[in-house]
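Visitor: I would like to go through this structure with you. Could we begin with the charged pairs?

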Amino acid sequence: LSSIVMYFITIWALPEKFNIGGEIYTNLDVFICYLTGAIAGLLVGLLTEYYTSHDFKPVQEVAKASETGSATNIIFGLSLGYQSAAGSILILAVSIFIPFTFAGMYGVSIAAIGMLSTLVVGLTIDAYGPVADNAGGIAEMTGMGENIRDRTDVLDSAANTTAAIGKGFAIGSAILTSLALF
């Protein structure tokens, strides 16, 4: 929805062609930069979910590696962490290259705004974690049944995934913003 709204704002608010530092850019160039940032934010979030959710293979493999001892858990977890960073780095590299091609450093800063357009959702899902964790603590302290604690554990697991997704959004947008400020 934000991309649709931004399309009309970019067409309406920016001149068709404008000059920044001797370079000529168009309003559609700026919109492509915004769209690149928004899509990059979405992809970083989806990639983070893939590597942190219990519904997907990486977390299940870490759990299986944990059965043989803590050393295999540490080694497997560390290698999986390195592997998960590679995809985010590639996404961020593309989200810097495309906007820079279309509108220079101005385009990179617009891409950062595009990535930040999902910030409200990111902050909302990040706030879910402490709420679910506190629910589990309350259930345990009040001596509620084991079935309640099982439910809160599932909620806590989902909360850990949403916290990681929120951090993925925050780190990705911070990288683009700091590059534009630099």
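Guide: First, a term: a salt bridge is a side-chain nitrogen of Lys or Arg within 4 Å of a carboxyl oxygen of Asp or Glu. Please note as well that this is a predicted model.

Visitor: How many salt bridges does the count come to by this rule?

Guide: The count comes to 3 salt bridges. One of them joins Lys 57 and Glu 61, with 3.7 Å between the closest N and O atoms.

Visitor: Where do Lys 57 and Glu 61 lie, and by how much of a helical turn are they separated?

Guide: Both belong to helix α3 (residues 57-66), and because they are 4 residues apart, about one helical turn separates them.

Visitor: On to packing. At what angle do the axes of α2 and α6 cross?

Guide: The axes of helix α2 (residues 27-52) and helix α6 (residues 146-181) cross at roughly 145 degrees and come within 8 Å. The crossing of α2 and α6 is right-handed.

Visitor: Which residues make the contact?

Guide: From α2, the contributors include Gly 41, Leu 42, Val 44 and Gly 45. From α6, they include Ala 164, Ile 165, Gly 168 and Phe 169. The residues of this contact divide into 5 nonpolar, 6 polar and 1 charged.

Visitor: And the surface: which residues make the nonpolar patch?

Guide: Leu 1, Ile 4, Tyr 7, Phe 8, Ile 11 and Leu 28 form a nonpolar surface patch of about 650 Å².

Visitor: Which helix gives the most to the nonpolar patch?

Guide: Helix α1 (residues 2-13) does, with 4 residues. Leu 28, by contrast, is placed in helix α2.

Note on methods
Residues are numbered from 1 along each chain as its sequence is written. This is a predicted model: local features need pLDDT of at least 70, side-chain atom pairs count only at pLDDT 80 or more; totals for chains, interfaces and linings use all residues. Side-chain values use heavy atoms; hydrogens and water are left out. Axes are lines fitted to C-alpha atoms, for helices over the stretch in contact, and angles run from 0 to 180 degrees between N-to-C directions. Helices (H or I, at least four residues) and strands (E, at least two) are DSSP runs, numbered from the N terminus. A crossing is left-handed if the near helix is turned anticlockwise from the far one by less than a right angle, and right-handed if clockwise. Contact means heavy atoms within 4.5 Å. Ala, Val, Leu, Ile, Met, Phe, Trp, Tyr, Cys and Pro count as nonpolar, Asp, Glu, Lys and Arg as charged, and the others, Gly among them, as polar. Patches are made of residues with over 30% relative accessible area and no salt bridge: like charges are joined within 9 Å, nonpolar side chains (Val, Leu, Ile, Met, Phe, Trp, Tyr) within 5 Å. Accessible areas come from the Shrake-Rupley method with a 1.4 Å probe; for residues, only the protein chains shown count as cover.
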